[in-house]
Amino acid sequence: QVQLVESGGGLVQAGDSLRLSCAASGRSFGSYYMGWFRQAPGKEREFVARVTLSGVSTYYAESVKGRFTISRDNAKNTVYLQMNSLKPEDTAVYYCAAGHKPSEYPYWGQGTQVTVSS
């Protein structure tokens, strides 16, 4: 089992950047597919980005493609989400998630709030 702790959220203005981090505890971080999701007030949780075991392949929601970058450092047991050109509609609680199969995530962090003001 893996435990996930997100950090790096905050209040920023439109156009600013933030980098979220998700630190994983436990063994074999490199055996987990990792993803980022977000949930805005009154909305369902949605997929943001995911990365494969080695970090070579990444996938993004259309709404963030070209602005967000997911990456992972298996030596540091950490996955990142670099968010550039932030928009007010990016305001949400951001969660990282892990699983042993692509797009299947039984393990979740507690979330970190990102608020983008206009």
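## The four-stranded sheet

Four strands, in the order β1-β3-β8-β7, form an open sheet with antiparallel pairing. Its edge strands are β1 (3-7) and β7 (68-73), and each pairs on one side only. Direction ignored, neighbouring strands of this sheet are turned by 15° against each other on average. Axes here are lines fitted to C-alpha atoms, and angles run from 0 to 180 degrees between N-to-C directions.

Strands are DSSP runs (E, at least two residues), numbered from the N terminus. Two strands count as paired if DSSP finds at least two bridges between them. Six bridges link β7 to strand β8 (residues 78-83) in the antiparallel sense. Within β8, L81 stands opposite I70.

## Model and numbering

This is a predicted model: local features need pLDDT of at least 70, side-chain atom pairs count only at pLDDT 80 or more, and totals for chains, interfaces and linings use all residues. Residues are numbered from 1 along each chain as its sequence is written, and side-chain values use heavy atoms, with hydrogens and water left out.

## Strand β9

Strand β9 (residues 92-99) is largely enclosed by the rest of the structure, because eight of its eight residues are buried. Buried means under 20% relative accessible area (1.4 Å probe, protein chains only).

## Partners of β9

Strand β4 (residues 33-39) runs antiparallel to β9, joined by seven bridges. Here W36 stands opposite C96 of β9.

Strand β11 (residues 112-117) also pairs with β9 in the antiparallel sense, over three bridges. V93 faces Q113 of β11 in this pairing. Strand β10 (residues 107-108) is joined to β9 by two bridges, again antiparallel. There A97 stands opposite W108 of β10.

Conventions:
Buried < 20%, exposed > 50% of the residue type's maximum accessible area, 1.4 Å probe, protein only.
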